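Here is a short note for a colleague who has not seen this model before.

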Amino acid sequence: MTFETIENVLNINTDAIMTLAMAAVLLVIGYFIKNKLTILDRYCIPAPVVGGFLFMFITWIGHATGSFTFNFTNTFQDPFMLAFFTTVGLGASFALLKKGGVLLIVYWLTCGVISIFQNTIGIGISKVIGLEAPYALLSSSISMIGGHGAALSYGSTFAEMGYETAPLVGAAAATFGLISAVLVGGPVGRRLIVKYNLKPDENENFATDVESINADTGEKLSGLDIIKNVTAILVCMALGTIWVSGLISMSFPTYVGAMFVAVILRNLNEKFRMYNFNYPLVEGIGDVMLSLYLSLALMTLKLWELSGLIGGVAIVVFAQVIFMILVSYFVVFRILGKNYDAAVMCAGLCGHGLGATPSAIVNMTAVNERYGMSRRAMMIVPIVGAFLVDIIYQPTTIWFIKTFVQGFGG
């Protein structure tokens, strides 16, 4: 960590290790505050959100007063996200994927339809208030489902077409979406559970199957066994990145490739027993990676970027959040079966429908920690949020752009 004063502003520069250490400390602080303030636990606000938000406001004070600023080297955020999705893939035995069955398809199609409604809301509001279509669409499914990556990609394209502030608008909308996702998801799930007095179905065969398929064998792991499990994660991450960047033409995040490779490895290992796979160990690594990822993501967010949410853009993004809350609570919950799994999946939907798939997992984890595990939700939501929804949202978004943005060539 270094300190330097530039134009009367104290610049605090942190290298990658210090940035990670700060995120880890904030995560621990988040758990401490959550345990002390029962209202946070009651409404299922995730611990990484508590710590991340605390620091985010500190950096905002420095920016607002012009007294200090942090310059982070955030090297580990993307690898941690990649590692987390790899552990998700390693937990997906084909025997379990088959049991996702109809519910997985229903949830996938529901999410796809919601992405179309998001774009419809954006364009509809833009027609009423006179907002230009690119900004309306950047405030819709592009940033809500696609996140910062999609917002930057489409924003840059729109900027080349003459909409100079498009990247700023996209970044602001994605930031607002991410913040909203981790604030509303837990409370929505919690409200449904409390209102309908829902409980995890202890007699659900799916939960039993998960327990048996992913059970700890009780066999003590040697140091070499642990190394092999960690090596498997790293190899899946590497091969998945190569696959997405070099072998497929569709625009998918690198973590999708890592998750696919991990699914393949998990099922090959079940057949050929290449190494002593230990799901509890892998799951534990995934939990740590997810928590640190979100802590890093929120800690380094710049609240002042929300200044891009002015006028009509602000109206659109607020409408998107309200829509997601209402559609999850009144519609999707019923479509998914009005049970405990459905309530947890609604918390996840608010996460990846407004922010990102890791936000969905954090929301569901917060609900699970308080009310009980929904194994079905924890399997289905990451698969749909990570890549299946893109199969619907990407082409339909391109259609909206081609239809409403003049001069867009595809």
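1. Is Cys-44 buried or exposed? Cys-44 has a relative accessible area of 0% and is therefore buried (buried is under 20% relative accessible area, exposed over 50%, partly exposed in between, with a 1.4 Å probe and protein chains only).

2. This is a predicted model, in which local features need pLDDT of at least 70 and side-chain atom pairs count only at pLDDT 80 or more, while totals for chains, interfaces and linings use all residues. Residues are numbered from 1 along each chain as its sequence is written, and side-chain values use heavy atoms, with hydrogens and water left out.

3. A disulfide is taken as a pair of cysteine sulfur atoms within 2.5 Å, and the count by this rule is 0. Cys-44 is in no disulfide, its nearest cysteine sulfur being that of Cys-350, 12 Å away. Cys-111 is in no disulfide either; the sulfur of Cys-346, the nearest, lies 9.7 Å away. Cys-111 is buried too, at 2% relative accessibility.

4. The largest pocket has a volume of about 930 Å³. A pocket here is an open set of points on a 1 Å grid over the protein atoms alone, where a 1.4 Å probe fits, with protein on both sides within 12 Å along at least five of seven lines; lining residues have an atom within 4 Å of a point.

5. The largest pocket is lined by 37 residues, and Gly-146, Gly-147, His-148, Gly-149 and Ala-150 are the closest to its centre. Helix α8 (147-160) is one of the elements that each supply at least two lining residues, and α8 gives the largest share, 7 residues. The lining divides into 17 nonpolar, 16 polar and 4 charged residues.

Methods. Points joined across faces, edges and corners; volume = space filled by probe spheres on them. Helix = DSSP H or I, 4+ residues; strand = E, 2+ residues; numbered from the N terminus. Nonpolar A, V, L, I, M, F, W, Y, C, P; charged D, E, K, R; others polar.
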